[in-house]
Number of protein chains: 2
Amino acid sequence: MNKFMDEALLFANKAYNKQEVPIGAVIVKDNKIIAKAFNCRERKQNALYHAEILAINKACKKLKSWRLDNCELYVTLEPCPMCAGAIANARLKKVYIGAHEKTSEDNLCEAILTSPRLNHKVEFEFLSEYEAPCKKLLTDFFKSKR
Amino acid sequence: MNKFMDEALLFANKAYNKQEVPIGAVIVKDNKIIAKAFNCRERKQNALYHAEILAINKACKKLKSWRLDNCELYVTLEPCPMCAGAIANARLKKVYIGAHEKTSEDNLCEAILTSPRLNHKVEFEFLSEYEAPCKKLLTDFFKSKR
């Protein structure tokens with residue numbers, strides 16, 4: 001298991017408890033967590049408030065830099081295009097992902113993270129042992145909403 | 001000419017005067033401007049502070065809704081993947097664009113705006129009469145930085 005993805009999953013659970021789609025994100029630098037966040041779109045009524053965006057915002061403020069060099073992001077669900085673009089724009093080094101997004105047949109996340117437009121490709125890795133717990137939290141959430 | 005893109009271009013000029021890459025964005029609902037912003041990445045040292053993201057943030061706060069239904073965005077440069085994703089997530093109806101992004105051979109902007117993942121496709125249109133003035137402002141800016 002991975003302590004940083006465990007923390008992201010803990011934050012996804014916080015979202016669940018607040019009736020938000022349960023997604024959590026953590027940013028790590030030098031083996032220390034510098035930002036963590038969970039999805040707050042409904043409560044804050046803001047289309048931008050995905051876990052990754054909120055974590056990147058906190059990390060930029062903490063490091064006082066738009067460049068998150070040598071930082072890694074852990075997120076419980078494969079990022080949407082907005083978040084993948086933000087990860088690339090912030091020059092994050094690597095993204096660790098829990099569950100696959102079921103609507104990702106278009107491979108937009110990978111295309112964005114590895115696009116040559118910024119002369120910066122973001123590495124990414126799915127942590128297969130987290131696919132089941134991250135997905136179960138989402139499935140339980142949507143079942144409870146029906 | 002178009003009064004909303006004129007306003008976006010005016011905001012791009014404000015960015016220029018503050019030593020920021022000159023890009024401006026305006027959001028319109030019911031033929032009225034509800035949000036306007038310009039790129040502030042360097043001054044604020046935040047990777048998220050593109051003109052479109054700042055305008056969407058303001059519009060969500062103003063309308064107290066993450067859904068910007070029936071809103072249109074005017075932006076002086078073709079959106080990057082982060083901003084195109086934010087535009088789709090906020091369910092904007094249409095985007096009017098000034099200049100083409102020169103590194104957009106990958107067509108990521110179009111792929112994101114028209115992706116079926118959200119059951120919402122964003123219309124988009126390049127306003128050809130603005131290609132030259134929007135591009136000139138960017139070219140002048142990068143020349144001045146050399």
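Reader: What makes strand 1 of chain A count as mostly covered?

Author: This is a predicted model, and in it strand 1 of chain A, residues 24–29, has 5 of its 6 residues buried. Buried here means under 20% relative accessible area.

Reader: How do you know that strand 1 and strand 2 of chain A pair?

Author: Pairing takes at least two bridges between the strands. Strand 1 of chain A and strand 2, residues 32–38, are joined by 6 bridges and run antiparallel, so they pass the cut-off and count as paired. If you want a spot to look at, Val28(A) has Ile33(A) as its bridge partner in strand 2. The two strands form a hairpin with 2 residues between them, and Asp30(A) in the turn has a positive phi of about 50°.

Reader: What about strand 1 of chain A and strand 3 of chain A: how many bridges are there?

Author: There are 5 bridges between strand 1 and strand 3, residues 71–77, again in the antiparallel sense. The cut-off is at least two, so this counts as pairing too. On this side, Val26(A) has Tyr74(A) as its bridge partner in strand 3.

Reader: On to the charged side chains. Why is the contact between Glu131(A) and Lys135(A) called a salt bridge?

Author: The call needs a Lys or Arg side-chain nitrogen within 4 Å of a carboxyl oxygen of Asp or Glu. For Glu131(A) and Lys135(A) the N to O distance is 3.1 Å, so the pair qualifies. The two residues sit 4 apart in helix 6 of chain A, residues 131–145, which means they are separated by about one helical turn. An α-helix has 3.6 residues a turn, so residues three or four places apart point the same way.

Reader: What makes Asp140(A) and Lys136(A) a salt bridge?

Author: Their closest N and O atoms are 2.6 Å apart, so they fall within the 4 Å cut-off. Both lie in helix 6 of chain A, 4 residues apart, about one turn of the helix. Asp140(A) counts as partly exposed at 25% relative accessibility.

Reader: Which residue does Glu42(B) form a salt bridge with?

Author: Glu42(B) forms one with Arg41(B), with the closest N and O atoms 3.1 Å apart. Glu42(B) has a relative accessible area of 36%, so it is partly exposed. Over all chains, a search of the whole structure finds 12 salt bridges.

Reader: Is Glu7(B) buried or exposed?

Author: Buried: its relative accessible area is 18%, and the cut-off is under 20%. Glu7(B) is found in helix 1 of chain B, residues 3–17. Leaving out residues up to four places away in sequence, Glu7(B) touches Val26(B), Ile33(B) and Lys36(B).

Reader: How many residues of chain A are in contact with chain B?

Author: 32 residues of chain A are in contact with 32 residues of chain B. The area buried between the two chains is about 2,700 Å², with carbon and sulfur atoms giving 59%. The count between chain A and chain B is 0 salt bridges, while 6 residue pairs are in polar contact. On the chain A side, the elements giving two or more residues are helix 2, helix 3, helix 4 and helix 5. By class, that side has 15 nonpolar, 10 polar and 7 charged residues.

Reader: Last one: why is Thr139(B) called partly exposed?

Author: Its relative accessible area is 38%, so it lands between 20% and 50%. Thr139(B) is found in helix 6 of chain B, residues 131–145. A polar atom of its side chain lies 2.8 Å from the backbone oxygen of Lys135(B). Thr139(B) and Pro22(B) are 117 residues apart in sequence, and their C-alpha atoms are 9.6 Å apart in space.

How values were computed. Residues numbered from 1 in each chain as written. Chains lettered and ligands numbered in written order. Predicted model: local features only at pLDDT ≥ 70, side-chain atom pairs only at ≥ 80, totals over all residues. Heavy atoms only, no water. Buried < 20%, exposed > 50% of the residue type's maximum accessible area, 1.4 Å probe, protein only. Contact = heavy atoms within 4.5 Å. Buried area = accessible area lost by both parts, 1.4 Å probe. Polar contact = N/O pair within 3.5 Å; in protein donor to acceptor, adjacent residues only side chain to side chain. Nonpolar A, V, L, I, M, F, W, Y, C, P; charged D, E, K, R; others polar.
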